[in-house]
Amino acid sequence: MPECRTRYFETLDYTEDSVIRLPNGLPGFEQEHEFILIDRPLNRPLVFIQSLRTSSLCFVALPVLSVDAHYRLSISSDDLDVLGLDPYRQPRIGDDVACLSIIAIGEDRLMTANLLSPLVINLRSCVAVQAIQASCNYSHRHPLLNAETVPACS
Amino acid sequence: MLVVRRRAGESVLIGDDIEVVVLEAGQNRVKLGIMAPREVLVFRKELELTREQNRAAAVTDALSLSRLAGALNALGRRDSDTGPVEQLADATTCDASAGDPDGR
């Protein structure tokens, strides 16, 4: 079984069919095409998106619906094509796709979730794309918490 | 900021060699055509915002994240609908636990 050196969890085994493949990479990281998802009970609801190519590269994300329970996808037909999905119908989160919002901490120490361009994963093929939403209702810096004021996890 | 009113079919010139044409103008959106030299990068601003956010996300530190996880749990978001993500991630990590009881 192949192994992956990770940023936060030392070395993990993974199976080939669990690898998330991004044909276009991620904006800013266009050379990164393969990731695994790490979801540990201790860290829930956080999900770690670990690069297979670069062990030091690991994004942290939240399921979009846990940030906004009413989130509605508006994926472009180009991105639906990359995902191998029907270009005339928006996929359903949970049935067709998983949808993760990547978290960042800004210079202002505000912790934010990117709802403008979630990572959308085809649940059947594990092909994924960071899909910039066609509707402008969502922010690339949706505020979650202030990193300075949140108490440490026990 | 320079503000120019244009109708469909009209255009704006930027410098010597960039032309922005309004192809369609609807109620909520406009369709633009951009003619520019090959070396000029043209992309939607959302792509640049996404790129910046990804770069910031890549250097996010673990301590802040553990605080975030703690705070989210305290807020009761733990039971959110993460089903399919768990399925995918379980497939990734189910064989990764250090003390595998079956000794595989």
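In strand 8 of chain A, A:Thr112 is the bridge partner of A:Ala104. Strands (E, at least two residues) and helices (H or I, at least four) are DSSP runs numbered from the N terminus. This is a predicted model, in which local features need pLDDT of at least 70 and side-chain atom pairs count only at pLDDT 80 or more, while totals for chains, interfaces and linings use all residues. Residues are numbered from 1 along each chain as its sequence is written, and chains are lettered from A in the order in which they are written.

Strand 7 and strand 8 (residues 110–113) of chain A run antiparallel and are joined by 3 bridges; pairing requires at least two DSSP bridges. The two strands form a hairpin with 4 residues between them, and A:Arg109 in the turn has a positive phi of about 70 degrees.

Beyond its neighbours within four places in sequence, A:Ala61 is in contact (C-beta atoms, placed from the backbone, within 7 Å) with residues including A:Val47, A:Leu100 and A:Ile103.

## Helix 1 of chain B

In helix 1 of chain B, B:Thr50, B:Gln53, B:Asn54, B:Ala57 and B:Ala58 are buried (20 or more other C-beta atoms within 10 Å of the residue's own). These residues lie on the same side of the helix, because they cover an arc of only 135 degrees around the axis, taken from the directions from the helix axis to the C-beta atoms. They pack against strand 6 (58–63), strand 7 and strand 10 (128–130) of chain A.

Technical notes: Two residues are in contact if their C-beta atoms, placed from the backbone, lie within 7 Å. A residue is buried if 20 or more other C-beta atoms lie within 10 Å of its own, exposed if 12 or fewer, and partly exposed in between; C-beta atoms are placed from the backbone.
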